[in-house]
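Dear colleague,

I am passing on the structure we spoke of, and I would be glad if you could look through it alongside the notes below.

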Amino acid sequence: MKLPTTSTAKTLGDWAYLGIEKHLKKILKQEADVTEDRDPEALHQMRVGMRRLRSAVTGFAPALDLPEAAQEKQIGKFGRTLGKLRDLDVLKEALEKRYKPNLPREEKKVLETALAYLNKRRHKALEQVRETLKDKSYKQFKQSLKAWLEEPQYQAIAQLPIQEVLPDLLLPSVSDFLLHQAWLVATQTEQTEIKPLKNLSHAEVEEQIAIHGVVLHELRKQAKRVRYQMELFTDFYGPTYKAFVQDIQNIQEILGQIQDSLVLAEFLADAIDSETTKQLPTLAEQLAETRYEMWQQWQTLQMRYLNSHIRHSFRSELLLPSKEPIKEEVADSSESVNGVVNLSGV
């Protein structure tokens, strides 16, 4: 069997192969550095690779016949183990670089206690990652997927041209995203339009997040799934499609910062055995301010995607892939909050 390349790929199966090959290569490249704990960035890249591999396996599922050891469930298990360690690295970086420099001396001392507690938890999480990467199930995952890449097996649907099936692949996850209940958090109906509540105070925002934080976090996870799937196919769409991908990334990042601040507050409460507001009042105020700022950015995007014209344009864009891949350099998406969809000409 002649294996596909980016220049020869034509079918659904071909593109499934390329996606799996790319992300497995990224995972394996970082493995040694993660095991030796040489650089937090290596862990980040391996976790991202595992997430994207899982997304590819899920997104291309109708076309794939993968070995049992390389199924989505198993990939998710490895990703969660990496994620526990990565989450602690994110917390540590935020505390040391973003918050600690601005704290009064008394709170810095309290924070040192929390950081010592974090380092102990990180050591345990690192050991769990090392055990996982040595485990038989992980070795079987690698070996079976490498073997599959040498002799890939597909379902019959894999032979269809990729352009014919792209809308069918993308629309279900995009529909789940657009129908998520989080879009209606803190909204009101004005005549026939649903709009976000305006000019909420800091206390009112905190109340909304306390009530709806779980729902907003679920939307964030759905946004991540949609983004990863859509990024598999940017070669088949133009600037409007890429702008929608950027919007979804922004939603993921904004809601992620809200969630991260909540997780950070919970961690600190465990670490110092006290409510953050009592021993770390300045830090607690900074976390609340971060949530308030992110809430303003969230409402801008919330209003955009409550607009029926925007939603219709989004769905319509997915129906029109190009007949051939668009040859241009597409930078790998970074975790940033910038750029929004401009649909004035759509």
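This is a predicted model: local features need pLDDT of at least 70, side-chain atom pairs count only at pLDDT 80 or more; totals for chains, interfaces and linings use all residues.

The largest nonpolar core has 97 residues, of which Phe-60, Phe-141, Phe-177, Met-230 and Phe-314 touch the most other members. Helix H8 (residues 239-272) supplies the largest share of this core, namely 13 residues. Because domain 1 (1-160) and domain 2 (161-324) both contribute residues, the core lies between them. Leaving aside neighbours within four places in sequence, Phe-60 is in contact with Leu-12, Trp-15, Ala-16, Leu-169, Leu-232 and Phe-233.

The count of salt bridges comes to 15. One of them joins the side chains of Arg-54 and Glu-72 at 2.6 Å, N to O; since Arg-54 lies in helix H2 (residues 40-59) and Glu-72 in helix H3 (residues 72-99), this pair ties together parts that are 18 residues apart in sequence. Another is formed by Arg-291 and Glu-206, with the closest N and O atoms 2.9 Å apart, and this pair links distant parts of the chain, helix H10 (residues 281-305) and helix H7 (residues 202-231), the two residues being 85 apart. Arg-291 counts as buried at 8% relative accessibility, whereas Glu-206, at 29%, counts as partly exposed.

With best wishes

Note on methods:
Residues are numbered from 1 along each chain as its sequence is written. Side-chain values use heavy atoms; hydrogens and water are left out. A nonpolar core is a set of buried Ala, Val, Leu, Ile, Met, Phe, Trp, Tyr and Cys residues joined through side-chain atoms within 4.5 Å. Buried means under 20% relative accessible area, exposed over 50%, partly exposed in between (1.4 Å probe, protein chains only). Helices (H or I, at least four residues) and strands (E, at least two) are DSSP runs, numbered from the N terminus. Domain bounds come from an automatic or database domain assignment. Contact means heavy atoms within 4.5 Å. A salt bridge is a side-chain nitrogen of Lys or Arg within 4 Å of a carboxyl oxygen of Asp or Glu.
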